[in-house]
Amino acid sequence: MPVLVRRRLCVRVLLSLWIDISLFFLEKWSVTHVPHVEIEGQLVGSFDEKAYLSGKQLKPGDDPYRDHAFNLQESDRLGSERAIRDTRHYRCASISFDHDLPPTSIIITFHNEARSTLLRTIKSVLMRSPPSLIQEIILVDDFSSDPEDCQLLTQIPKVRCLRNGRREGLIRSRVRGANAASASILTFLDSHCEVNADWLQPMIQRVKEDHTRVVSPIIDVISLDNFAYLAASADLRGGFDWSLHFKWEQIPIEQKMARNDPTQPIRTPVIAGGIFVMDKNWFNHLGQYDTHMDIWGGENFELSFRVWMCGGSLEILPCSRVGHVFRKRHPYDFPEGNALTYIKNTRRAAEVWMDEYKQYYYAARPSAQGKAFGSIADRLALRRKLNCNSFRWYLENVYPELRIPEQETVYTLLRQGGLCLETHGTESLALAECKGSGLNRPQSQVRVFTPLCCGQKAHYIHITLQARHFSILLCQISTC
């Protein structure tokens, strides 16, 4: 290679590295700023923020974690807005989106949420989203103790408040919000979030391109102790074990190696369920939520299975980031207790969608056996109507990494007196003197029958001997 060509190549490489490094550090130090006062006034209107927040103050000596399972004192100290670091990959800033993206209805359900976190969620949406994309923010107050927690927020432009007349839970509350939404795109948010820069455009773009996509952001962590905003890994997707316990897991290595662009969507078997965007018609077509599930828990599995198995897909978008306060306990009560409610909900999901593989759910969660879960006739009818794929298809095409438990081989020895049932050659069985491993089997694996009959759980075999050969007849009624 000529010297001049090598020099030009080296210059190009060095220039490219310099740009990448500069953008990397710019990304690390960039923050999403609080808007100017005039802009903020246009977004929140005549809403009296100070009066709203001062109406619910932590009293001296009160435990700041008691009511909300996070540090309320620190949340109140932050107020309703703050600058947070832009945690996206630097390449995300160069992505362009359609100019005619459809607007969305933001649906936020809550029950006795702290006023500071609820207001911060709303203001982050208004201040970090293009105004043209926010059709409305629908708050569904799930019978909170103080109706004004929701009603006062309607002074903010675009904010609507729906209040349940009784405790319904997240699932039925979200359905009510979706039914009231006027936009063609639904965005579901939790009530203790902070959205990051340009969080909304990537998700609406993907749904606009294919209405069967259900998309979720990378969910950053907001510390429940000091409310620090912490970037989550961009190499994670949603997964679960056979007990239907959600977990974050690394993208499979072959998928990671095939990703040459860190801004590309990540296929995910399940979503966490708290934050996602979905076409409203598709949401309705797929049967919304299973409204016989209670309060919270398991609905993300039911929705995820249904989306994948009935013609859609689930994605996590690295260029969309939303912070979320992850708590270690639920600060509210479950009418039947947290554990029983979760079992009821996940059992409904397993019975409707997991086919013969539900046996592994029951093996991993034996406490679910015998627990009431209500009628699932309408959800089974929905599955038939939508002509959905099997759970085997889901495992083979969506989540092949979920290992099917190896079933332990159970050996049983049939014996009468000193004779045991043994193989003769490769195609026949016969009675012969017990020998070998048959003599050493545990008693729990030995079936002794006299006369020539044995049974277990209403299933019986009758053996007729002729010169140490036999015939077997399976009966439902014992004649022994």
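**Notes on the cysteines and one surface patch**

1. Let's start with Cys-310. Its relative accessible area is 11%, so Cys-310 is buried, given that buried means under 20%. Keep in mind as you read on that this is a predicted model.

2. Who is the partner of Cys-310? Cys-310 forms a disulfide with Cys-388, and the two sulfur atoms sit 2.0 Å apart. If the word is new to you: a disulfide is a covalent bond between the sulfur atoms of two cysteines. The torsion about this S-S bond is about 100°, so the Cys-310 and Cys-388 link is right-handed. Now look at where the two ends are: Cys-310 is in the loop between helix H11 (299–309) and E14, while Cys-388 is in the loop between helix H14 (377–386) and helix H15 (391–397). That makes the pair a link between distant parts of the chain, 78 residues apart. Cys-388 counts as buried too, because its relative accessibility is 15%.

3. How many disulfides does a search of the whole structure find? It finds three. Another of them joins Cys-92 and Cys-319, with 2.0 Å between the sulfur atoms. Here the torsion about the S-S bond is about -80°, so this disulfide is left-handed. Cys-92 lies in the loop between strand E2 (84–85) and strand E3 (104–110), and Cys-319 lies in strand E14 (residues 313–325), so the bond ties together parts that are 227 residues apart in sequence. Both Cys-92 and Cys-319 are buried.

4. Next up are Cys-150 and Cys-161, which form a disulfide with their sulfur atoms 2.1 Å apart. The angle about the S-S bond is 135°, and the link is right-handed. Cys-150 belongs to helix H6 (residues 148–151) and Cys-161 to strand E5 (residues 159–163), so this pair ties together parts 11 residues apart in sequence. Are the two ends buried or partly exposed? Cys-150 counts as buried because its relative accessibility is 0%, whereas Cys-161 is partly exposed because its relative accessible area is 23%.

5. Finally, take a look at the surface. Which residues form a nonpolar patch there? They are Val-221, Leu-230, Trp-248 and Phe-326, and together they have about 330 Å² of accessible area. One of them, Leu-230, is found in strand E9 (residues 229–230). With a relative accessible area of 42%, Leu-230 is partly exposed.

Note on methods: Residues numbered from 1 in each chain as written. Predicted model: local features only at pLDDT ≥ 70, side-chain atom pairs only at ≥ 80, totals over all residues. Heavy atoms only, no water. Patch = residues over 30% accessible without salt bridge, like charges linked within 9 Å, V, L, I, M, F, W, Y side chains within 5 Å. Areas by Shrake-Rupley, 256 points an atom, 1.4 Å probe, with all protein chains shown as cover. Salt bridge = Lys/Arg side-chain N within 4 Å of Asp/Glu carboxyl O. Helix = DSSP H or I, 4+ residues; strand = E, 2+ residues; numbered from the N terminus. Buried < 20%, exposed > 50% of the residue type's maximum accessible area, 1.4 Å probe, protein only. Disulfide = S-S within 2.5 Å.
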